[in-house]
Amino acid sequence: MKGRNIKMRRTGLHVKMAAIVSVIALVGTACGDDEEAAVATTQAPTTTQAPVDETPSDGMEGRLVIGTLLPVTGDLAFLGPPEVAGARLAVEDINAAGGVLGADVVLHEGDSGDTNQDIANPEVDRLLALEVDAIIGAASSAVSKLVIDKITGSNVIHFSPANTSPDFTTYDDNGLYFRTAPSDLLQGKVLADLVASEGNEIAGVIFRQESYGQGLADSFRENFESLGGAVDPFIAYAPGTDNFDAEVDQLAGVNPDAIVVIGFQESATILVTMHERGIGPTSASNVYGVDGNIAGIGVELSDPSIITGMRGTEPSVNLSSIADFTSRLDGAYEGGLQEIYSYGAETYDAIIIVALAALVAQSDDPVRIAAEINDVTRGGTKCTSFADCRDVIEGGGDPDYDGAGGPYEFVDAGEPAAASFRIATYSGGEKPDAALDEYVFAGG
């Protein structure tokens, strides 16, 4: 086990599991070469395999160890490939630049699943037993809520690239929770501005009743009503629902000018039912999605033409401005990313930020690293890569990392003060039409 005192505070369960997990890792992963490996992959998705580091946890003193808790399976599985690719690419770039504290960063991959599966908690137990310093994930705010106390209570950094629930801004996290994704207080305003700007006076909202869906729905309603609009109906559904006849009938009964669908993979079923009732995007209704569905929902439909005209918002930098980066992301995942890059940059940046904070702290102690995270994203000397920011630090300076998904300018709560949002539009194909993309900046 790592020798620092802070790690000794972890529960006996995590310590006892270490030997068991080491055996599981040996059985469940491919073998690497004899050299010190750049990446450890444990329970990874089917992708191009990086070298595997199976060094036992007690050999990790002085090395930065990163775990991931990303949606390889579950309702947000379409976000898994870009996030997994972003994590791998970040570790590759850090290690190519000399690593952290004189050693390569180690990466252990994990699956978050969703709230319908009992995956996240056992995965966190496994990662904690591997003595990770930070866990990157989950994508789902609801899944992160299942494990945040376990992670931060173990004095490990919990850093999500995609959590957007406003609840995390004030969560009692021991100063160990961070996110590169903006709060839905920002996305709700961008979405409300979009819906209102297109002449809609009454908007119906159907949303998942959990932290992400409720938070975004509430933010949209507050902002839309402040612009003079009305929300009717306002319909919540439980995660795991697979039939939406009653909810869609309620929407059809009101027949609002616009319908906002706030959900994940199940949004496909909602949209098919809306189409059958004559209130889908190809009918008279204006239909809008959000980051939980807009990038990948067309792939879930047997006939994506039924959502022609659907629009939606998601936190995203202008992809044309980071074309070199997205090309590299494609290469980090077997078969490429099929034009879905959502949160890939934010995942990459989360790991770069942790690594830079470790350099500033000159430690792999998660508590000491966490104390430096906000400041490496704000003030100081602008730098846009791990190598450039490392040079600033080694020169005695203060780095201000503006990454592939930034600038971030973290506030004291450990989240961006402002963000860029993509407005995506479907024009008949399985993916939003990139030629129709629009970008707006909110906050700050």
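Visitor: Which residues lie nearest the centre of the largest cavity, and how many residues line it?

Guide: A cavity is, on a 1 Å grid over the protein atoms alone, a set of points where a 1.4 Å probe fits but cannot get out, and lining residues have an atom within 4 Å of a point. Here 20 residues line the largest cavity, and Ser316, Leu319, Tyr341, Ser342 and Tyr343 lie nearest its centre. Strand 10 (311-315), helix 9 (323-331) and helix 10 (344-361) are the elements that give two or more residues to this lining; helices (H or I, at least four residues) and strands (E, at least two) are DSSP runs, numbered from the N terminus.

Please note that this is a predicted model, in which local features need pLDDT of at least 70 and side-chain atom pairs count only at pLDDT 80 or more, while totals for chains, interfaces and linings use all residues. Residues are numbered from 1 along each chain as its sequence is written, and side-chain values use heavy atoms, with hydrogens and water left out.

Visitor: What volume does the largest cavity have, and which classes of residue form its lining?

Guide: A volume is the space filled by probe spheres set on the points, with grid points joined across faces, edges and corners. For the largest cavity this comes to about 140 Å³. Its lining has 12 nonpolar, four polar and four charged residues, where Ala, Val, Leu, Ile, Met, Phe, Trp, Tyr, Cys and Pro count as nonpolar, Asp, Glu, Lys and Arg as charged, and the others, Gly among them, as polar.

Visitor: How many cavities of 30 Å³ or more are found in the whole structure?

Guide: The search finds three.

Visitor: How is a nonpolar core read, and which residues have the most contacts inside the largest one?

Guide: A nonpolar core is a set of buried Ala, Val, Leu, Ile, Met, Phe, Trp, Tyr and Cys residues joined through side-chain atoms within 4.5 Å. Buried means under 20% relative accessible area, exposed over 50%, partly exposed in between (1.4 Å probe, protein chains only). The largest core has 52 residues, and Leu64, Ile66, Val100, Ile157, Phe159, Ile373 and Phe386 have the most contacts inside it. Helix 10 gives the largest share of this core, 12 residues. A second, separate core of 29 residues includes Leu194, Val195, Phe224 and Phe264.

Visitor: Why does Asn293 count as buried, and with which residues is Asn293 in contact?

Guide: Asn293 counts as buried because its relative accessibility is 1%. This residue is found in the loop between strand 9 (286-289) and strand 10. Contact means heavy atoms within 4.5 Å; leaving aside neighbours within four places in sequence, the partners of Asn293 include Phe78, Phe264 and Met310.

Visitor: Which side chain makes a polar contact with that of Thr425?

Guide: A polar contact is a pair of N or O atoms within 3.5 Å; within protein, one must be able to donate a hydrogen and the other to accept it, and residues adjacent in sequence count only if both atoms are side-chain atoms. The side chain of Thr425 makes such a contact with that of Arg311, at 2.9 Å. Thr425 lies in strand 13 (residues 418-425), and counts as buried because its relative accessibility is 9%.

How values were computed:
1 Å grid on protein atoms, 1.4 Å probe; cavity = no way out; pocket = protein on both sides within 12 Å on 5 of 7 lines; lining within 4 Å.
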